[in-house]
Amino acid sequence: MREITKFYIDGQWVEPTELNLIDVINPATEKSAGQVALGTAADVDAAVAAAKRAFTTWGVTSVEERTAVLNAIVAEYQKRMDDLAAAVTEEMGAPAGLSKAAQVPIGLGHLMTAAATLPTYSFGEDRGSHRIVKEPVGVCGFITPWNWPLNQVMCKLAPALATGCTVVLKPSEIAPFSAAIVAEIMDAAGVPAGVFNLVNGDGPGVGVALSSHPDVDMISFTGSTRAGIEVAKNAAPSVKRVAQELGGKSPNIILDDEDFAKNVAGGIATMMLNSGQSCNAPSRMLVPNSRLDEVAEIAKATGADLTVGDPNSSVRLGPVVSEAQFDKIQGLIERAIDEGANAVIGGAGRPDGLETGFYVKPTVFTNVTNDMEIARTEVFGPVLVVIGYDSIDEAIKVANDTEYGLAGYVSGKDLDEVRRIGGAIRAGSISLNGAQVDPAAPFGGYKKSGNGREWGGDYGFEDFLEVKSLLGYSA
């Protein structure tokens with residue numbers, strides 16, 4: 001049993017102002033895996049005060065000093081990768097193989113990318129007689145989710161530290177174990193006191209206090225669009241910078257060519273990764289109407305490989321994160337069937353033989369139109385909808401007919417056509433022919449998928465910097 005009863009503030013593990021513990025539920029067993037203390041506004045005040053004090057010195061450190069700290073964090077992170085993987089599997093149910101191969105390494109990737117970017121990043125330039133400089137925005141509040149916990153923490157923390165900002169982190173109370181290890185890593189790496197602070201808690205108790213705090217200069221939030229709107233409202237009175245990475249209902253346009261079967265199977269497998277709990281999941285597959293029957297057969301064949309079960313075994317899918325998430329997904333599946341969608345694999349209920357744990361059947365729906373709830377709502381589970389098109393122009397129109405714009409996918413033999421279609425999708429990150437994520441590339445959304453860009457490269461740095469004009473600098 002893991003017990004997280006203290007917060008990491010000003011370089012020390014400190015008692016909360018009030019001790020209020022909640023259970024952290026292992027989604028595979030439905031039993032408590034430990035407890036975490038919930039913070040209050042007073043704990044946020046203490047953490048923000050520490051970050052504000054630390055900013056006076058950390059904000060003026062040299063590039064060389066910050067690079068050395070980032071490299072020290074990388075070294076300590078590498079020592080704890082097995083611990084981090086075990087924590088992620090226990091707290092949110094990712095299969096052990098996925099935790100080791102992706103959940104933990106992606107966090108390391110952001111750290112290493114930031115450390116590599118920083119030495120050559122330009123924080124100033126001369127324009128005529130003027131000097132344009134980029135300075136750290138200040139104290140940053142981070143509110144991060146449970147689905148890719150290390151990715152979401154590190155894609156914010158790495159560029160923030162690189163640019164000279166200080167941080168107060170509120171991880172998800174559903175999955176706090178890995179974040180506690182991150183705090184231990186920061187401590188072991190010698191990150192100066194107050195530069196990184198961790199306060200656990202829920203949205204009403206800590207999230208509101210952090211996003212509305214007058215001494216927080218920037219709030220960076222990843223989560224649902226609904227919650228993101230509330231964060232922005234809370235931040236508005238203090239006119240702080242707000243960066244948000246929110247929901248998605250990403251299209252995956254597959255062209256009619258000889259690679260069709262391979263690309264359909266690949267799209268299904270990508271959708272089911274992490275039990276579909278990814279904001280950029282390719283959850284709407286667009287295929288030619290003439291090949292819909294073929295898609296159904298491919299789905300049935302692919303479904304045999306989508307094993308579900310104990311995340312500590314060699315399965316492809318573990319449970320979804322919580323009972324609330326399970327119930328939401330089941331409701332969406334049932335209403336989709338009522339609307340006339342056809343589940344060619346999966347459907348409502350738990351997989352056979354799994355009566356305990358929040359397990360969902362990998363589900364592929366055909367006979368779906370883009371106006372159905374299942375095609376418009378972010379399910380955040382292993383549920384794919386297949387929508388037919390008669391022309392590429394129609395496919396692009398359907399792809400863009402969503403309130404979201406986080407990601408998109410295009411696959412086909414004609415690279416020029418794939419590029420053209422990718423350019424026409426209104427979303428922040430487009431994967432062409434199965435291209436993998438790159439920590440150096442900017443990540444963020446259009447429309448209700450958020451604003452700002454993050455990850456460890458130079459575009460990730462920009463969100464954490466203010467721009468100052470020094471007029472007449474060289475006069």
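Buried means under 20% relative accessible area, exposed over 50%, and partly exposed in between, with a 1.4 Å probe and protein chains only. The model is predicted: local features need pLDDT of at least 70, side-chain atom pairs count only at pLDDT 80 or more, and totals for chains, interfaces and linings use all residues. Residues are numbered from 1 along each chain as its sequence is written, and side-chain values use heavy atoms, without hydrogens and water.

Start with the salt bridges (a side-chain nitrogen of Lys or Arg within 4 Å of a carboxyl oxygen of Asp or Glu). The count is 26. Arg291 pairs with Asp256 at 2.6 Å, N to O. Arg291 sits in the loop between strand S14 (284–288) and helix H10 (292–303), and Asp256 in the loop between strand S13 (251–254) and helix H9 (260–272), so the bridge ties together parts 35 residues apart in sequence. Helices (H or I, at least four residues) and strands (E, at least two) are DSSP runs, numbered from the N terminus. Arg291 is buried at 17%. Asp256 is partly exposed at 49%. Arg291 also bridges to Glu294, with closest N and O atoms 2.9 Å apart. Glu294 is partly exposed at 31%.

Elsewhere, Lys52 meets Asp215 at 3.3 Å. This pair links distant parts of the chain, 163 residues apart: Lys52 is in helix H1 (residues 41–58), Asp215 in the loop between helix H7 (203–211) and strand S11 (218–222).

Now the cysteines. Disulfides (cysteine sulfur atoms within 2.5 Å) number zero. Cys140 has its nearest cysteine sulfur, that of Cys165, 3.9 Å away. Cys140 is buried at 0%. The sulfur of Cys279 is 9.2 Å from the closest one, in Cys155, so the gap is too far for a bond.
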